[in-house]
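Have the structure open and follow along.

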Amino acid sequence: MSYAEAYNIEDLRQLAQRRLPRVAWDYLERGAEDDVTMTANRAAFERIHFRPRTLVDVSGRTLRHQLFGKTYAAPFGIAPTGAAGLYWFDADIALARAAHAAGVPFVLSTASFVAMERVAREAGGGPWFQLYMSKDREAAERLVRRAFDAGFEALVVTTDVPVGANREYNLRNGFVIPFRINARNVVDGLLHPRWLTQVFLRTLLTSGVPRFQNVDSNVGGRIVAKDLSAFRARRDALDWSDIAWLRTIWPRKLLVKGILAEGDARLAMEHGADGVVVSNHGGRQLDGALAAIDALPAIVAAVGGRMPVLFDSGVRRGSDIVKALVLGADLVFVGRATLYGAAAGGEAGVARALELLRTETERVLALIGCTTVAALNRDCLQLPDCI
Ligand SMILES: Cc1cc2nc3c(=O)[nH]c(=O)nc-3n(C[C@H](O)[C@H](O)[C@H](O)COP(=O)(O)O)c2cc1C
């Protein structure tokens with residue numbers, strides 16, 4: 001099977017798993033510690049059911065959707081994912097281009113292997129930039145200015161990584177910086193020759209692995225461990241005053257990602273954010289955190305329509321997207337779903353993932369008797385008691 005024959009995101013997931021060696025697959029697929037939160041994200045979606053209306057004329061249905069004064073072709077987009085170049089050569093560009101072609105937003109991670117300027121140039125227009133910020137304001141400001149000069153439309157500050165997550169499989173797999181080559185990695189790489197030559201060796205020959213080109217002390221240079229620690233420097237000392245400060249140096253849209261508590265959504269608003277992303281990082285940070293979809297309704301209520309509330313974590317189907325929209329999300333991001341597409345077929349694989357999500361979302365809209373995203377309302381859902 002190729003990505004073109006994939007009928008759903010699960011098909012792409014299986015293709016990706018076949019193509020990738022363990023070290024890359026685990027980093028893409030797994031959560032933190034025991035995957036409790038990652039599993040909870042899926043289980044929570046499955047507990048929510050639709051209450052479809054019937055005999056509604058849905059022939060004029062559309063997914064077109066407005067956010068921040070722009071019209072997107074669909075109410076979803078691509079979340080930031082670091083080290084995407086592990087799955088496909090220059091995957092960040094593949095993701096950005098496919099999103100642009102599909103008319104949906106794309107967020108570039110600080111931890112991309114491709115420099116943000118090149119992604120902005122080659123994306124075809126309007127990407128957003130995700131900021132991993134250190135307490136070193138000089139370094140943070142240089143990064144933010146680069147994003148501004150490169151034309152990124154929005155800055156998404158990730159706040160749920162005060163310290164690195166506990167991902168024991170990375171240690172076991174030798175996935176540490178600098179990359180540790182062990183016998184298992186070598187055998188695994190040889191068993192995946194297409195990945196070895198077309199992704200790993202190609203990246204190694206052109207830029208080295210891994211090379212986080214947005215780390216400010218590393219522009220045009222080779223990555224060494226101290227560069228990464230520079231952008232992680234004292235991140236555990238960040239607080240809301242840093243968001244207020246970012247607001248003074250970033251005039252475009254500013255979003256705070258990693259929100260799971262109503263109080264934090266209110267604080268984001270008070271400190272000048274234009275929106276929040278309700279997210280548990282796809283279950284990759286605090287294992288045991290609640291499912292993001294369970295946190296969404298209370299946050300939407302606390303915000304009370306004063307700013308957009310965006311959402312990610314656990315989305316694999318168009319029906320998940322519709323559920324999050326009904327619960328008040330103004331836009332829904334996917335992380336792994338499009339990475340599976342990238343690993344399975346680069347830009348065309350990402351386009352396939354986005355197309356699958358688009359057709360599924362549109363079909364669900366019709367099946368529940370709705371013609372527009374704006375017309376979705378709580379009566380469309382049967383919620384479990386816990387929400
Ligand atoms: C491989 C991988 C790398 C990620 N890297 C980042 C990152 O650099 N910055 C960030 O804010 N979130 C990162 N995330 C989290 C995503 O932005 C998003 O919150 C998450 O993937 C959503 O869950 P889903 O994968 O179930 O859709 C990453 C996720 C994955 C799977």
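## A histidine in a loop

His-281 sits in the loop that links strand 9 (275-278) to helix 13 (292-303). Keep in mind that this is a predicted model. Although His-281 is not a glycine, its phi is positive, at about 65°. Is His-281 buried or exposed? His-281 has 24 C-beta neighbours inside 10 Å, so it counts as buried; the cut-off for that label is 20 or more.

## Another positive phi

Now look at Asp-90, in the loop between strand 4 (76-78) and helix 4. Asp-90 is again a residue other than glycine with a positive phi, here near 55°. Asp-90 is buried too, because 25 other C-beta atoms lie within 10 Å.

## Around the ligand

Next comes the ligand. How many residues surround it? The shell holds 25 residues, and the closest are Ala-79, Gly-82, Ser-109, Gly-282 and Gly-335. Two elements give two or more residues to this shell, namely helix 2 (22-29) and helix 15 (336-368). Helix 15 gives the most, with 3 residues.

What is the shell like by class? There are 12 polar residues, 9 nonpolar ones and 4 charged ones around the ligand.

The C-alpha atoms of Asn-41 and Gly-282 are separated by 7.6 Å, while along the chain the two residues are 241 residues apart. Asn-41 belongs to helix 3 (residues 36-47).

Which residues does Asn-41 touch, leaving out those up to four places away in sequence? They are Asn-280, Gly-283, Ala-291, Ala-292, Ser-313 and Gly-314. Asn-41 is buried, since 26 other C-beta atoms lie within 10 Å of it.

## Helix 4 against helix 15

Back to helix 15, this time for its packing. The axes of helix 4 (residues 91-102) and helix 15 come within 8 Å of each other and cross at roughly 15°. That angle makes helix 4 roughly parallel to helix 15, because angles under 35 degrees count as roughly parallel. The crossing of the two is left-handed.

On the helix 4 side, the contact uses Ala-91, Ala-94, Leu-95, Arg-97, Ala-98, Ala-101 and Ala-102. Helix 15 answers with Thr-338, Ala-342, Gly-346, Glu-347, Val-350, Ala-351 and Leu-354. Sorted by class, the residues of this contact are 10 nonpolar, 2 polar and 2 charged.

## Helix 14 against helix 15

Helix 14 (residues 318-326) packs on helix 15 as well, with the axes 7 Å apart and an angle of about 60°. That angle makes helix 14 oblique to helix 15. Is the crossing left-handed or right-handed? For helix 14 and helix 15, it is right-handed.

Gly-318, Ser-319, Ile-321 and Val-322 make the contact from helix 14, and their counterparts on helix 15 are Leu-357, Glu-360, Thr-361, Arg-363, Val-364 and Leu-365. By class, the contact of helix 14 with helix 15 has 5 nonpolar, 3 polar and 2 charged residues.

Technical notes: Residues are numbered from 1 along each chain as its sequence is written. This is a predicted model: local features need pLDDT of at least 70, side-chain atom pairs count only at pLDDT 80 or more; totals for chains, interfaces and linings use all residues. A residue is near a molecule or strand if its C-beta atom, placed from the backbone, lies within 6 Å of it. Helices (H or I, at least four residues) and strands (E, at least two) are DSSP runs, numbered from the N terminus. Ala, Val, Leu, Ile, Met, Phe, Trp, Tyr, Cys and Pro count as nonpolar, Asp, Glu, Lys and Arg as charged, and the others, Gly among them, as polar. Axes are lines fitted to C-alpha atoms, for helices over the stretch in contact, and angles run from 0 to 180 degrees between N-to-C directions. Angles under 35 degrees count as roughly parallel, over 145 as roughly antiparallel, 65 to 115 as roughly perpendicular and the rest as oblique. A crossing is left-handed if the near helix is turned anticlockwise from the far one by less than a right angle, and right-handed if clockwise. Two residues are in contact if their C-beta atoms, placed from the backbone, lie within 7 Å. A residue is buried if 20 or more other C-beta atoms lie within 10 Å of its own, exposed if 12 or fewer, and partly exposed in between; C-beta atoms are placed from the backbone.
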